[in-house]
Amino acid sequence: MAEGLFRELVKDRSDYQVGSAGVAAMPGGNASKHTADILKEKGVDVSGFKSRPLTRDLVEQATHIFTMAKHHLEAVVDEFPEADGKAYLVSEFAAEDMLRNADVTDPFGGPRRIYDDTRWMLEKLLPTVLAYIEQTTKPKSEEA
């Protein structure tokens, strides 16, 4: 869900590549039905989505890594020490105190309302992620 929503947020930006991977994901899984339905309602198509596990190559290629929960962040940095310094909690930059540093619930297997809650939270958090990236990343034309 986060990947689909963030892709939508930067859809007109050619300078962004968005992907997702899980610390315990099985490769090749489809988006859940509730995720697909929720995103379809927002005009986001995830029919081609396939899950994949996080790998060293993905970590090395990434400029930023955002995790949904603190235990995911810890697992990423434990497994891939090179991710330290570019891995963050997706809620780390939230403007609202009640959301800052909060875990985003993994709705997998739950009822639709849990997926809706997760979507609501991500829609609040992802613009702050984008703002952080924009404020801390130099455009290629400014790099020496």
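Visitor: How many residues apart are D116 and R112 in helix 5?
Guide: In this predicted model, D116 forms a salt bridge with R112, and their closest N and O atoms are 3.0 Å apart. Both residues lie in helix 5, and their spacing is about one turn of the helix.

Visitor: Is D116 buried, partly exposed or exposed?
Guide: A residue counts as buried under 20% relative accessible area and as exposed over 50%. D116 has a relative accessible area of 23%. D116 is therefore partly exposed.

Visitor: Of R112 and E41, which counts as exposed?
Guide: The cut-off for exposed is over 50% relative accessible area. R112 has 26% relative accessibility, so R112 counts as partly exposed. At 58%, the residue that counts as exposed is E41.

Visitor: How far apart are N and O in the salt bridge of K33 and D37?
Guide: K33 and D37 are 4 residues apart in helix 2 (residues 33-41), so about one helical turn separates them. K33 is exposed, with a relative accessible area of 60%, while D37 counts as partly exposed at 27%. Their side chains meet in a salt bridge with an N to O distance of 2.6 Å.

Visitor: How many salt bridges does the count come to?
Guide: The rule takes a side-chain nitrogen of Lys or Arg within 4 Å of a carboxyl oxygen of Asp or Glu. The pair of K33 and D37 is one of these salt bridges, and the pair of R112 and E41 is another. The count comes to 13.

Visitor: Which residues form one aromatic cluster?
Guide: Rings pair if their centres lie within 6.5 Å. The structure holds 5 aromatic pairs. One aromatic cluster is formed by F66, Y88, F93 and Y132.

Visitor: What covers the buried residues of helix 1?
Guide: Helix 1 spans residues 2-9, and E3, G4, L5 and F6 are buried there. The cover over the buried residues of this helix includes helix 2 and helix 5.

Visitor: In what order do the elements of the chain run?
Guide: The chain has 5 helices and 2 strands. Read from the N terminus on, the order is α-α-α-β-α-β-α.

Visitor: What is the radius of gyration of the chain?
Guide: The globule rule gives 15 Å for 144 residues, and the value for this chain is close to that, so the chain is as compact as a globular protein of that length. The C-alpha atoms fill a box of roughly 50 × 35 × 30 Å along the principal axes. The radius of gyration is 15 Å.

Visitor: What percentage of the residues count as buried?
Guide: The accessible surface of the chain comes to about 9,100 Å², and 51% of it belongs to carbon and sulfur atoms. Among the 144 residues of the chain, the buried share is 34%.

Note on methods: Residues are numbered from 1 along each chain as its sequence is written. This is a predicted model: local features need pLDDT of at least 70, side-chain atom pairs count only at pLDDT 80 or more; totals for chains, interfaces and linings use all residues. Side-chain values use heavy atoms; hydrogens and water are left out. Rings of Phe, Tyr and Trp (its six-membered ring) pair if their centres lie within 6.5 Å; planes under 30 degrees apart count as stacked, over 60 as edge-to-face and the rest as tilted. Buried means under 20% relative accessible area, exposed over 50%, partly exposed in between (1.4 Å probe, protein chains only). Contact means heavy atoms within 4.5 Å. The radius of gyration is taken over C-alpha atoms; the globule rule is 2.2 Å times the number of residues to the power 0.38. Accessible areas come from the Shrake-Rupley method with a 1.4 Å probe; for residues, only the protein chains shown count as cover.
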